[in-house]
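Look at the structure first, then read on.

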Amino acid sequence: MGKNETNDEQICGSLDKNKEIVLKVAREGWNPVIIDKHCTDDYLMHYGGEKLDRENLKEFMGAIHHALPDLHFEIEDIIAENDKVVTRWKAEGTHKKTFQGVFPTNRKVSFTGITISRVKDEKIAEDWEEVDQLNFTQQFGVYPDNI
């Protein structure tokens with residue numbers, strides 16, 4: 001086995017490990033109880049025009065899980081390159097409790113997004129996330145469907 005083959009195997013192993021770290025968190029729906037374990041202390045999420053640190057993320061995801069108690073995420077695609085992992089995902093749940101001032105609708109809510117995660121020392125250090133916000137808020141009844 002040549003020197004390049006060994007390096008290629010190490011890179012593939014590292015990419016697989018990074019994918020598994022991201023999948024572990026996504027499979028749990030970014031539940032706040034696992035964020036400390038799988039995200040760095042200085043974690044940062046870029047979400048629209050906002051930036052959330054680890055504590056803000058736990059608060060935000062806690063509110064979503066509270067409002068949609070059956071929330072689950074499905075990973076539709078995953079791609080890894082260097083220290084980045086990209087996931088295209090779909091989330092679904094039932095709006096059972098108040099979320100950001102919107103009273104429960106008991107509607108099924110489904111939304112999609114793409115997240116780019118940067119992994120450092122086997123933890124997620126940073127995310128860039130794009131979510132279909134209009135569709136998300138329309139399902140909560142905040143905006144009419146015909147916008």
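Which helices and strands each supply at least two residues of the lining of the largest cavity? In this predicted model, they are strand 1 (39-47), helix 3 (54-67), strand 6 (123-131) and helix 4 (133-139). The structure holds 2 cavities of 30 Å³ or more. Rolling a probe the size of a water molecule over the atoms shows where empty space is left.

**The largest cavity**

- Its volume is about 140 Å³.
- The lining of the largest cavity counts 14 residues.
- Met61, Ile64, Trp89, Phe111 and Glu129 are the lining residues nearest the centre.
- Helix 3 gives the most to this lining, with 4 residues.
- By class, the lining of the largest cavity has 12 nonpolar residues, 1 polar and 1 charged.

**The second largest cavity**

- This cavity holds about 50 Å³ of space.
- Its lining includes Val22, Ala26 and Trp30.
- Phe73, Ile75, Thr87 and Trp89 also line the second largest cavity, as do Thr115 and Ser117.
- Helix 1 (3-27), strand 3 (72-81), strand 4 (84-94) and strand 5 (108-120) each supply at least two residues of this lining.
- The lining of the second largest cavity has 6 nonpolar and 3 polar residues, but no charged ones.

**A residue in both linings**

- Trp89 is among the residues nearest the centre of the largest cavity, and Trp89 also lines the second largest cavity.

How values were computed:
Residues numbered from 1 in each chain as written. Predicted model: local features only at pLDDT ≥ 70, side-chain atom pairs only at ≥ 80, totals over all residues. Heavy atoms only, no water. 1 Å grid on protein atoms, 1.4 Å probe; cavity = no way out; pocket = protein on both sides within 12 Å on 5 of 7 lines; lining within 4 Å. Points joined across faces, edges and corners; volume = space filled by probe spheres on them. Nonpolar A, V, L, I, M, F, W, Y, C, P; charged D, E, K, R; others polar.
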